[in-house]
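Student: I have a model open on my screen and would like to learn how to read it. Could you take me through some of its features?

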Amino acid sequence: MEMPGSDSDQPRVMAPPLAGFEKIHRYWDRALKIHAAKILPGEYYVTTQDEAIVTVLGSCVSACIRDRVMGVGGMNHFMLPVQQDENPSAFGAAERYGNFAMEHLINTILKNGGRRQNLEVKLFGGGRILAQMTDIGKRNIEFVRQYVSVEKMLVTAEDLGDVTPRKVAYYPLTGKVLVKKLRSLHGEPLVDLEKSYMDEIAKKPVQGDVDLF
């Protein structure tokens, strides 16, 4: 399959990122032959440039959202906090966390020239890779599907569920996505990374509501 981007193996000069994304790791991807931004759990990235956004998903989900007219778009990478059975308000707290993750991405796209009526969405992740835990991936999938349904957003593609991790490369300028299913990574860095992220969000205060533009 032909990869989008430059035909040359030589990187172009990389323009600076949008304000607020200076700490995101950006690099020349030799396989994709394009500049790319790599996001980790809990991060998101928005761009107006011809570059890719790359992440590896296990239980987490990513929403790839762009203005299909203007080409501005981005990707997030998030997981809902684990529900505590003894706390009846925990699921509501998790929903607020998910809302924050989605709306922060959408608002940043709109601030950089996107228009609400032009947005399209592609959804990925939610695999069951943490076998000893409840199916966190399933809860993430249920949340993100409900979110886009309630917000009446146009979903043009999804690859959700299963038991394998995924590597996703998203091109906001064109909307193209490359997905590679990976081998089971039990005991590998992705599992440790997601467990660490899970612990981190459990300790964070729940974010307040975010208003869409």
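Predicted model: local features only at pLDDT ≥ 70, side-chain atom pairs only at ≥ 80, totals over all residues.

Student: Where is T108 found, and is T108 buried or exposed?

Tutor: T108 is found in helix α1 (residues 90–111); helices (H or I, at least four residues) and strands (E, at least two) are DSSP runs, numbered from the N terminus. T108 is buried, with a relative accessible area of 13%; buried means under 20%, exposed over 50% and partly exposed in between, using a 1.4 Å probe and protein chains only. The T108 side chain also makes a polar contact with the side chain of Y44, at 3.0 Å. A polar contact is a pair of N or O atoms within 3.5 Å; within protein, one must be able to donate a hydrogen and the other to accept it, and residues adjacent in sequence count only if both atoms are side-chain atoms.

Student: How do I read aromatic pairs, and what kind of pair do F21 and Y45 form?

Tutor: A pair of aromatic rings is described by the distance of the centres and the angle of the planes. Rings of Phe, Tyr and Trp (its six-membered ring) pair if their centres lie within 6.5 Å; planes under 30 degrees apart count as stacked, over 60 as edge-to-face and the rest as tilted. By this rule the count comes to four aromatic pairs. The F21 and Y45 ring centres are 5.3 Å apart with planes at 65 degrees, so this pair is edge-to-face. F21 lies in the segment before β1 (25–29) and Y45 in strand β3, 24 residues apart. Both F21 and Y45 are buried, and ring pairs link F21, Y44 and Y45 into a cluster.

Student: And which strands make up the open sheet?

Tutor: Strands of a sheet pair through backbone hydrogen bonds, either parallel or antiparallel. Here five strands form an open sheet in the order β3-β6-β5-β7-β8, with mixed pairing; two strands pair if DSSP finds at least two bridges between them. β3 (44–47) and β8 (154–160) stand at the edges with a single partner strand each, so one side of each has no neighbour in the sheet.

Conventions. Residues numbered from 1 in each chain as written. Heavy atoms only, no water.
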